Amino acid sequence: MAFEFEMTDEQKMIRDTVKGMVKKIEPRREEFRRMVMDEKKFPQELWDMFADAGFLGALVPEEYGGTDMGLMAMAMALEEMGCHGFGNAFFILTTMATMCTLKNGTEEQKRRFLPRIVRGDMKIAFALTEPDAGSNTFRISTLAKKDGGAYRVTGQKVFITGADVADAMLLVTRTTSVDECIKQGMPKAYGFSLFIAPTKAKGLEMKPIPTRGIEGMRQFTLYMEDMEVSADDLIGQENMGSMALFNSLNPERILAAANTVGLSEHVIQKACEYARERRVFGGKPIGSHQAIQHPLAECKIEQEAVRLLVYKAATMFDADAHPGQVGIYANMAKYLAAELGIKAVDRAMETLGGYGFSEEYGIIYYHDVVRLLKTAPISKEMILNFVGEHVLNLPRSY
């Protein structure tokens with residue numbers, strides 16, 4: 001059974017709305033699975049339904065066309081989608097870019113971008129990672145130079161999800177290089193600038209990377225050579241983008257964790273259904289044996305704990321708690337959700353035996369999806385570094 005607690009009428013409506021959406025496409029589940037997992041095609045129909053239900057406007061005030069339901073509402077919606085075996089990174093990435101615009105954008109930018117996002121007319125990728133920087137964001141070298149009413153961007157990004165499907169990307173650059181910051185005696189957090197940059201900009205080249213684990217999308221290396229971005233698309237102040245970036249990352253981690261909690265429920269229930277029906281050695285259902293029961297029961301217990309941590313992080317975010325405090329629980333939720341997802345899929349595969357690897361039963365498809373979360377959007381090791389330093393007050397380890 002799915003998790004139940006004393007929900008508000010709005011929260012009940014959110015879950016019922018998602019269930020209704022999924023019910024419409026349930027008869028075509030295999031078609032969707034093949035399209036998303038095998039053909040790497042973006043599920044536009046699912047995106048449109050999500051937008052029509054108002055979830056893309058969950059963080060957007062009504063004055064910009066949003067529903068202003070909050071991150072908790074979005075987290076519950078993505079969790080419910082996961083319970084039915086569905087997920088999509090663009091719901092998470094676009095929500096993160098939405099929050100960045102809302103927190104740091106000008107009034108003109110809010111009125112230009114937010115209504116389009118709410119309607120589902122604008123998908124936004126996230127372009128941060130670089131080949132030579134990896135998790136060390138402060139070492140990125142992509143440079144944007146002011147040129148009249150525009151910036152000229154030169155550099156390279158890697159593992160950029162859905163760049164070919166996105167209408168724009170939240171692009172993280174430097175407007176003051178690392179070497180110049182050192183020369184000026186400026187802190188390492190100085191010199192960052194963020195842009196909502198069009199993905200059709202001249203001077204931008206995309207090269208696909210043959211990766212797995214991203215539902216309905218591919219990942220790309222981006223090559224930017226003198227790419228022009230309008231100065232009107234600068235989010236926040238020039239050189240002061242680090243705070244604009246870091247106060248926007250928490251929703252990404254919370255929502256990724258929420259969807260993974262849902263996916264864990266999906267595979268646990270799949271395993272339980274099989275364990276109730278499968279009979280061997282004396283004709284008893286295999287689910288009556290503790291060797292099958294206990295691993296699944298462990299997953300269920302851990303799932304409830306992770307869900308509460310996700311809800312705590314989302315609630316703190318909606319209460320406008322300090323980003324640093326929200327970040328503690330957002331990172332913890334993401335860490336535990338990844339561990340839970342991997343464990344739940346593995347236990348489900350063990351329960352199904354050979355059928356766990358069968359495309360017909362569908363469990364195998366979630367193996368790559370949940371394993372990816374251990375590494376992205378932030379690795380397990382970096383979260384442990386964060387907790388060690390900022391929660392346990394231990395010396396910096398890296």
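Which residues of strand β1 (residues 124-127) are buried on one side, and which on the other? Ile-124 and Phe-126 are buried on one side of the strand and Ala-125 and Ala-127 on the other, so that both faces of β1 are covered; buried here means under 20% relative accessible area, exposed means over 50%, and partly exposed lies in between, with a 1.4 Å probe and protein chains only. In a regular strand the side chains alternate between the two faces of the sheet. The model is a predicted one, in which local features need pLDDT of at least 70 and side-chain atom pairs count only at pLDDT 80 or more, while totals for chains, interfaces and linings use all residues. Residues are numbered from 1 along each chain as its sequence is written, and side-chain values use heavy atoms, with hydrogens and water left out.

Strands and helices are DSSP runs numbered from the N terminus, a strand being E of at least two residues and a helix H or I of at least four. Two strands count as paired if DSSP finds at least two bridges between them. By that rule β1 pairs with strand β4 (residues 168-174) in the parallel sense, over 4 bridges, and Ala-125 has Met-169 of β4 as its bridge partner. Strand β2 (residues 143-147) and strand β3 (residues 150-161), by contrast, pair in the antiparallel sense over 5 bridges, with Lys-145 standing opposite Arg-152 in β3. These two strands, β2 and β3, form a hairpin with 2 residues between them, and Gly-148 in the turn has a positive phi of about 70°.

Asp-226, which is not a glycine, has a positive phi of about 55° and has its place in strand β7 (residues 219-230), where a relative accessible area of 42% makes Asp-226 partly exposed. Asn-239, likewise not a glycine, has a positive phi of about 70° and belongs to the loop between β8 (234-235) and α8 (241-246); with a relative accessible area of 8%, Asn-239 is buried. Another backbone feature is the peptide bond from Ala-376 to Pro-377, which is cis with omega near 5°, and Pro-377 itself lies in the loop between α12 and α13 (380-390).

Turning to the aromatic side chains, a search of the whole structure finds 13 aromatic pairs, where rings of Phe, Tyr and Trp (its six-membered ring) pair if their centres lie within 6.5 Å, and planes under 30 degrees apart count as stacked, over 60 as edge-to-face and the rest as tilted. Phe-50 and Phe-91 form a tilted pair, 4.2 Å centre to centre and with 35° between the planes. Because Phe-50 lies in helix α3 (residues 44-52) and Phe-91 in helix α5 (residues 89-104), this pair ties together parts that are 41 residues apart in sequence.

Arg-174 lies over the face of Phe-192, at 4.3 Å from the ring centre, and Arg-396 lies over the face of Tyr-398, at 4.1 Å from the ring centre.

Helices α2 (29-38), α9 (249-277) and α12 (365-375) each supply at least two residues of the lining of the second largest pocket, and α2 gives the largest share, 6 residues.

Note on methods
A charge sits over a ring if NZ of Lys or CZ of Arg is within 6 Å of the ring centre and within 35 degrees of the ring normal.
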